[in-house]
Every structure is written in structure tokens, then in C-alpha cells.
Amino acid sequence: MSALETIPASEVGRRFRLARDDAGLTQQEATDEIGIARTTFVAIEKGARRIRIDEARQLAKLYGVSVNALLRREAVHVDLVPCFRRLSDAGNKAVDEAVEVMSRLAKAEVELENLLGIQRTKNFPPERQILQGDVTTQAELDALEFRSYLGLGNAPITDIVKFLEMELGVRVYVRQVDNRISGLFAHDEALGSCMLLNANCSRTHRAQAVAHGCGHFVSARSKPKVLHTDEDTSSLEERYAEAFGRAFLVPARSVKRKFQEVTSGFDKLMRQHVIVLADYFGVSCELMMRRIEDVGLVKAGVWDRFQANGGITGRHVKQMPGNPNMTDKQKVDAERPIPLRLSMLAAKACQQELLTEGQLSELLGLHRIELREILDDLEIEGNEADAPLIRSG
């Protein structure tokens, strides 16, 4: 069966209407060009009458696009919103809006990958059931095994977001959402595993949200999860994810070794020691201190003692010699209308005439002027710095 027969008439009509809008033609101008009654044309665009192949060819030629582009079958009909409705957060406007953002970005990315023939590598490890007993010990062991699976050893992860994208194939998006939400996690067979992180959070907080999400990814992949900034860790699943995230970011063996190096020659733990270690592992000072307590390098309650005596503030961090003050690239990317990779996929699809600008703007949820600015800024076509790829084989 042809695409004209398998795609619903309403969807075909919608696609041809978008292409006409792209071409800047009125309904009357189009009907005059191909010689059919305006009432028939209106019925086609509304889906009340199925378009014929000769009409489709005439209109596609008139609109300056290919029939294949208009009748593509790669559209991804997946919605993550319903799977979150079973959670206690159902009906929460902030959560619903965040889920909608993640769902739209993931669907658009998958559809563009399908159109461009891109096969995304999915390197997902088997799930680990949370067992009864000491959940912290299990999380520690599972995190160590996860690191081994990824070939990380005990080294710190410099960019956990990029690492999960490149090595695991998890779709991670950093966008500005409600400050009560630090992230979302969901898994779908068509989309794979997806995470949305709040760009309003600090870099270290986002890293911890990703690591926490990894705990859910390893133990309960099929269950969607909303990560709150004030997460309640009373449940078994949350205690596991919390312990897993800390152990994944700061492995016990590594923290013990670096702790000895940093505190060598001192008889007391100082703020500066915690700041140096936190910077090395790319985590917050609080998580670093909690982890030092976890592995028994100091007595429990040291972090609370620091807090009672002024804590470790941003001022303390800035006063440290050699403070990196790095640009938060993820926060910068979050200020774009859509992520950079998605922009590049969209530009390539447009360049290859796989989608019209109208179809792209609808797919990405952008105004056409916004889309045109993105495509112009990328300057993919005719860039003198571009060079042909050399492929082996």
C-alpha cells in the first residue's frame, strides 16, 4: 500500500496545508494552478477527501517540495505525558509542563534521526532489582558495577551529561523549568531512556540529579520519575537512588585516596579540603562531605558542624586559589530555543529537503521566524570550513 493509502487523510491534508503556507500561496492560487474546484481543495486540506496521486504530484511541484517529504512515514507517535499521570505528581502544572517539554524534544529528535538515517547507540545495562536488607550497601555495589560496565574505573566524571549521551545513548535535555523540579526520568521503547534537567539548578546539582536518575535507570527503568529539589528519600527506591548517585559520582576507593592526599600533614579537616575534593569530583560541597562521612573518613555530623559555624558558601569557594569559574555550557545551551544537536539535525533535514520549514516548525514547536533564525545562524550550507568525512572501508 502507498503512503497516500496508509496515512490518515486528515494528516495528509495537514501536511499539504503546511507546505502551501511555506510556499506563500492562498487556497485559490493553488486551485487555479492545478485546475480543481476550491471546494475540493478545501476538502483535501481538511481531510474530508483523500488526495489522488496526480494531485499530490502537482501540488508538491507547485510548492517546491518532494512528495516523499510530504508523505514521510517516520513520524513518532509517542507521548510521555500519560505515563507520568499515574504518579502522585499527576495534575501538577509545573510537572505537566516539564514532561511536555521532554516529550516534545525526544519525539522531535527521534523523528529527525529516523529521517536522516541516524542509528543512535543504546548501551543499556541489565536492570538490578532492589533487594530487601541494607539498600545502601546494594546501591554501593551496583554503582561500582555500573562504573565497571561503563569502563570508568574510579576516575571522576568531568561531564556526566555528555558521558551518558555518548556512552549510554540516554537522551538528556537541559531546559529551564519550575525551580521545584530538578529533573525527570522516563523510558520508552521508541524513544529509549530520556532525562530532563533543570537549567536553573547549578552544574553540581544537575550532576547529582543525573546520578540520582541513573539509580532509577539501573533499578526501575520502566517507571517514570520526577526528581524534586527537596526530594523525599524515605522510600526504599529513593534511598537506593540517593545512595547509588553518591557512590556513582564519588567512588569509595577514589575518595579515600584523594582524601589522604589532600589532608596529608593536617590534623583537622578544613573547609578548603572539602572545596578542593568537591571540585575534583565535580559535586557540591555538601555531597562531598556526606560522602566523606559515608566511607568513615570522619565521624558522622561533621557537615552539620560546618553548617552551624557558617557553612561552606560561594564566597569561600571563590576565595580558593585557582578557582576555575568555568562557563556553564549546558546553561548556555538551555538559553537556545532548542538544544544545539536538535538544531543541527533540523538544519540537515531542511538542507536535504526531507521536511519543509512549516513541518519543522510544527515538529519543534517553534515559530517559523525563530526556526529561520536558527537555520541562518548555523550556516550549515556552503561553510568553507566544512571538510568531507574520511570513512574507513
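**View 1. The hairpin of strands E2 and E3.** In this predicted model, strands E2 and E3 form a hairpin, with three residues lying between them. The two strands, E2 and E3 (residues 192-198), run antiparallel and are joined by six bridges. Within this pairing, Gly183 has Leu197 of E3 as its bridge partner.

**View 2. Strand E2 and its pairing with strand E4.** Strand E2 is also joined to strand E4 (residues 225-228), through four bridges, and these two strands likewise run antiparallel. Here Leu184 stands opposite Val226, which belongs to E4.

View 3. Strand E2 covers residues 181-188, and because six of its eight residues are buried, the strand is largely enclosed by the rest of the structure.

View 4. The largest nonpolar core holds 56 residues, of which Phe146, Ile160, Leu164, Phe244, Phe248, Met288 and Met289 touch the most other members. The element that gives the most to this core is helix H11 (residues 203-219), which supplies seven residues.

**View 5. The contacts of Leu164.** Leu164 is one of the residues that touch the most other members of the largest nonpolar core. When residues up to four places away in sequence are not counted, Leu164 touches Gly169, Val170, Val172, Met195, Val210 and Cys214.

Definitions and conventions: Residues numbered from 1 in each chain as written. Predicted model: local features only at pLDDT ≥ 70, side-chain atom pairs only at ≥ 80, totals over all residues. Heavy atoms only, no water. Core = buried A, V, L, I, M, F, W, Y, C linked by side-chain atoms within 4.5 Å. Buried < 20%, exposed > 50% of the residue type's maximum accessible area, 1.4 Å probe, protein only. Contact = heavy atoms within 4.5 Å. Pairing = 2+ DSSP bridges.
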